[in-house]
Amino acid sequence: MTDSSQSPDLETMRHSCAHVMAAAIQTLWPKAQFGVGPTTENGFYYDVLVDSNITEDDLARIETAMRKIRKKKHRFVRSTVPTDDAIALMQTQDQPFKVDLLELLKNKGSTAIEKALDDDKAAAVETDASGQPTVTLYQTGDFTDLCRGPHVAHSGEIGQFKLHKLAGAYWRGDEKNPQLQRIYGLCFAEKAQLEAEIERLEQLKLRDHRRLAKILKIYHFEDEIGRGLPLWLPAGMTIRQELEYLAQRYEREDGYVNVATPHIAKASLYHKSGHLPYYKEDMYNPIELDNEDYYLRPMNCPHHHMVYRSEPRSYRDLPVRISEWGQVYRYEKSGALNGLMRVRGFCMNDAHIYCRYDQVKEEFQKVIALHARYYQLFDIEDFKMILALPDHDKANKYSDDKENWEKTATTIREAMDEMGFPYEEEEGEAAFYGPKIDFIIKSALGTEYTISTCQLDFMAPCRFSLDYRGESGEQEPVLVIHRAPLGTHERFIAFLLEHYGGNFPTWLAPCQVKIIPISDRHCEYARRVHDALFATNVQCATGGIRSETDLSNERMQKKIRNAQIEKVPYMVVIGDQEVESDTITVRLRDGSALNSIPVSAFIDRLKTEIEQRTTIETASSEGE
């Protein structure tokens with residue numbers, strides 16, 4: 001129990017606030033069944049199942065009930081009971097999820113609960129003087145919860161809170177289990193801190209990639225196609241094309257060759273690669289063709305290995321760098337799907353480098369340098385690098401070759417240290433075939449996720465006989481580097497939407513220029529301007545400047561407003577003056593303007609931005 005003479009720490013306050021929310025829900029829905037209620041970066045959540053779904057309108061009712069509990073200053077009363085007694089109690093209270101936790105705790109211990117639920121406070125098993133297993137319970141008013149604690153002294157110390165979001169969550173993350181409602185709350189010690197966080201979240205909502213993608217018409221999901229399988233709309237496809245064009249140019253400079261490989265392959269290929277033994281639960285079920293099982297590919301690697309094997313290789317040929325924007329499919333759980341951030345079908349900026357052992361460090365460093373080049377281009381500064389290593393206690397997850405694990409991990413450490421890039425090490429996150437560097441980016445919404453990776457693979461050469469004829473004439477194994485600096489189109493474009501707030505730089509914007517004739521008599525001139533932009537020879541995926549002409553019957557101000565909502569970098573307004581002087585007036589996205597300039601001067605400006613992938617933030621003084 002927390003000493004009431006001391007101020008509770010924020011973590012304890014938030015955890016206690018979660019209990020108070022659960023107690024409030026129990027007063028409003030007496031038959032509510034509870035899952036877990038851990039803390040978050042800015043508050044807490046609790047998973048709950050009620051007869052009729054809790055709605056956004058109900059959040060205010062729950063808050064009112066919480067304030068009443070806070071006012072009563074109920075103490076958090078801790079008790080220790082035998083595990084079997086706790087199970088009997090939760091069965092009596094009709095709390096099946098708590099019973100499930102207790103059974104898991106009884107059979108596998110508290111560590112199993114932490115891993116299954118990502119909650120280190122859900123429960124802890126101890127023993128009493130007689131050696132009997134016990135658990136801790138906390139009672140707040142009429143609400144009793146399974147919890148290891150600690151908590152504040154009483155409900156009056158839970159600080160300032162606000163319930164702000166509802167979501168769905170399958171029990172224990174398994175879509176075969178019941179779906180609970182996850183209620184998120186904010187919690188801070190001071191009211192000013194809470195209000196600042198509420199304002200921050202409101203601003204971040206405006207940058208949510210799902211909201212922006214709908215406005216900008218980037219992608220669409222359709223139930224008849226399937227969850228997590230996006231349809232790329234024309235605007236989204238344009239961004240994809242520009243990213244592919246960029247990657248192709250950079251990779252060509254670094255000596256890559258492009259290939260295209262099938263989306264499916266025989267089961268035997270994935271047995272050989274190790275995906276079926278180690279990765280099967282993330283793959284789609286097989287398709288039977290000609291009495292053989294075929295799988296949708298979860299990775300491009302096995303196909304690229306076959307490309308490498310398609311002809312004999314000499315030490316003089318190495319390194320061989322094979323790249324492909326490859327479409328792959330992975331069976332993500334329904335509850336994990338999240339817009340473009342997590343999908344079931346995606347296109348990866350994939351490549352594999354086949355090299356000699358004495359070339360590995362240099363090739364690895366070139367890949368890291370390519371990552372840095374991309375991040376500089378996109379102004380990505382908030383990221384970290386993780387050296388993902390194996391957990392050798394999990395023999396079913398990683399190959400049992402400690403010598404090669406250590407050798408390849410040492411190579412990565414040396415490569416990173418020589419380049420001066422800071423990194424952290426993390427056990428249990430390596431690929432099954434070797435260690436890797438994961439690039440963790442924090443989005444504008446504050447979410448961290450892996451955007452790309454660079455991996456060393458010592459298993460594939462053995463499994464696929466990937467070798468070369470050495471200087472001695474003997475066949476020697478290569479080492480394989482897997483890399484995907486731009487990650488997948490889906491996740492990277494979702495990140496860019498939030499990173500730029502939808503205001504893509506001109507070179508990447510789906511529509512670069514919106515042409516706005518003031519009236520019908522200006523449409524012919526508008527078409528000529530559009531044709532001049534389209535015919536411009538620009539080094540980009542589409543070959544010309546991308547423009548659209550708004551021929552709707554809307555008033556000019558409405559047309560401009562529509563273009564601003566679509567976040568078009570440039571708006572060309574055409575009226576009598578422009579037609580008579582054979583010029584254009586340009587409004588920039590930042591609010592500045594270029595008045596009465598020749599179309600050729602505007603084209604020169606755009607070519608500079610597009611080809612150099614720079615942004616000219618305001619109108620030049622000569623055009624103002």
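Is cysteine 511 buried or exposed? Select it and see: cysteine 511 is buried, with a relative accessible area of 11% (buried means under 20%, exposed over 50%, partly exposed in between, with a 1.4 Å probe and protein chains only).

Before moving on, note that this is a predicted model, where local features need pLDDT of at least 70, side-chain atom pairs count only at pLDDT 80 or more, and totals for chains, interfaces and linings use all residues. Residues are numbered from 1 along each chain as its sequence is written, and side-chain values use heavy atoms, leaving out hydrogens and water.

Stay with the cysteines. A search of the whole structure finds 0 disulfides (pairs of cysteine sulfur atoms within 2.5 Å). For cysteine 511, the closest cysteine sulfur belongs to cysteine 540, 13 Å away and too far for a bond. Next, pick cysteine 355: its relative accessibility is 0%, so it counts as buried. The closest cysteine sulfur to that of cysteine 355 is in cysteine 454, at 10 Å, again too far for a bond.

Now colour the open sheet of 8 strands, ordered E11-E15-E16-E23-E20-E19-E17-E18 with mixed pairing (strands, E, are DSSP runs of at least two residues, numbered from the N terminus; two strands pair if DSSP finds at least two bridges between them). Its edge strands, E11 (257-258) and E18 (424-427), each pair on one side only. Zoom in on E17 (residues 383-389), which runs parallel to E18 over 4 bridges. There, isoleucine 386 stands opposite glutamate 424 in E18.

Finish at isoleucine 264, in strand E12 (residues 264-266). At 31% relative accessibility, this isoleucine counts as partly exposed.
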